[in-house]
Amino acid sequence: RHWRNYLERNQSIIVQLFCGQTRSTVKCFSCVGESVTYREFTNLTLPLPETHSRVNLRDCFEEFLREERIDEFKCDRCKKTGKASKKTDIVKLPPLLVIHLSRFYQDGMYTRKKQNFVNFDLKNLNLGQFAIDGFENKFFQFNLYAVSNHFGSLEGGHYTAYCSSNVLKRWHKFDDQDVSTMDSADVVTPAAYILFYSAIEGQTSLPPLG
């Protein structure tokens, strides 16, 4: 119902291809009341686990979906301030999924970068376990078609891109004005910043609006 209401107000090719939806549930420990909020996204920002320097993309999804505790929460239902829990769930994945790895964070006055190596699948990425049941979610399996890389820091960084061509059946590296072919084995690097996936189920035709 919430997705249908959103589509009634926001019909476009961008929504059709890139827009997904999450559900946030906050539960008050005092009255056990729940507050549910649905949010749409065109890029899904995933946190990087801080326990390991090498992680898998699935670890990032698990961190994103992990329930968190809130120490100071003002409940609209019982009007009390106390502890609560917050849980985010993925309701709908879009046919073109853009994943933003949250590498930059604030450390006092400075913005720093996490250097975690994130391993990710190029083919047949199955995200079915991370989307909740009971909703019309049609897209679960994805192939990678591009990566945006960031090298260096926020003060002195450099971007490159890796893109796959279904026509030429090969990967290409884009570095400013230089374009070169590359091996698919070199796509996964510690510089990966934004991942672009295409749903396998949606490669033959566009999903209908609505």
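## A first look at this predicted protein model

The accessible surface of the protein comes to about 12,300 Å², and carbon and sulfur atoms hold 48% of that area; such areas come from the Shrake-Rupley method with a 1.4 Å probe, and for residues only the protein chains shown count as cover. Welcome to the structure. This is a predicted model, in which local features need pLDDT of at least 70 and side-chain atom pairs count only at pLDDT 80 or more, while totals for chains, interfaces and linings use all residues. Residues are numbered from 1 along each chain as its sequence is written, and side-chain values use heavy atoms, with hydrogens and water left out.

**Overall picture**

- Along its principal axes, the C-alpha trace of the protein spans about 60 × 45 × 25 Å.
- Three helices and 16 strands make up the secondary structure; helices (H or I, at least four residues) and strands (E, at least two) are DSSP runs, numbered from the N terminus.
- The protein has 210 residues, and 40% of them count as buried, where buried means under 20% relative accessible area, exposed over 50% and partly exposed in between (1.4 Å probe, protein chains only).
- Among contacts with a separation of 6 or more, 61% link residues 24 or more positions apart; a contact means heavy atoms within 4.5 Å.
- The protein carries 27 positive and 24 negative charges, and their mean positions are 5 Å apart. Lys and Arg count as positive and Asp and Glu as negative, leaving out His and the chain ends; each charge is placed at NZ of Lys, CZ of Arg, CG of Asp or CD of Glu.

**The largest nonpolar core**

- This core has 35 residues, and those with the most contacts inside it are Leu 57, Phe 120 and Tyr 197. A nonpolar core is a set of buried Ala, Val, Leu, Ile, Met, Phe, Trp, Tyr and Cys residues joined through side-chain atoms within 4.5 Å.
- The elements giving two or more residues to this core are β3 (44-46), α3 (57-65), β7 (96-101), β10 (117-119), β12 (141-151) and β16 (192-199).
- Helix α3 gives the most, with five residues.
- Beyond residues up to four places away in sequence, Phe 120 touches Leu 57, Leu 144, Val 147, Val 187, Val 188, Ala 192, Leu 195 and Tyr 197.

**Cysteines without disulfides**

- The whole structure has zero disulfides, a disulfide being a pair of cysteine sulfur atoms within 2.5 Å.
- Cys 28 has its closest cysteine sulfur in Cys 75, 3.9 Å away, which is too far for a bond; Cys 28 is buried, at 3% relative accessible area.
- For Cys 75, the closest cysteine sulfur is that of Cys 78 at 3.8 Å, again too far for a bond. Cys 75 is buried as well, with 5% relative accessibility.

- Thr 45 lies in strand β3 and is partly exposed, with a relative accessible area of 32%. Leaving out residues up to four places away in sequence, Thr 45 touches Phe 64, His 100 and Ser 102.
- Ala 146, in strand β12, is buried at 8% relative accessibility. Its contacts outside four places in sequence are Tyr 162, Cys 163, Trp 171, Ile 194, Leu 195 and Phe 196.
- His 172 sits in strand β14 (residues 170-175) and is buried at 14% relative accessibility. Apart from residues up to four places away in sequence, His 172 touches Ala 161, Tyr 162, Cys 163, Val 179, Ser 180, Thr 181 and Met 182.
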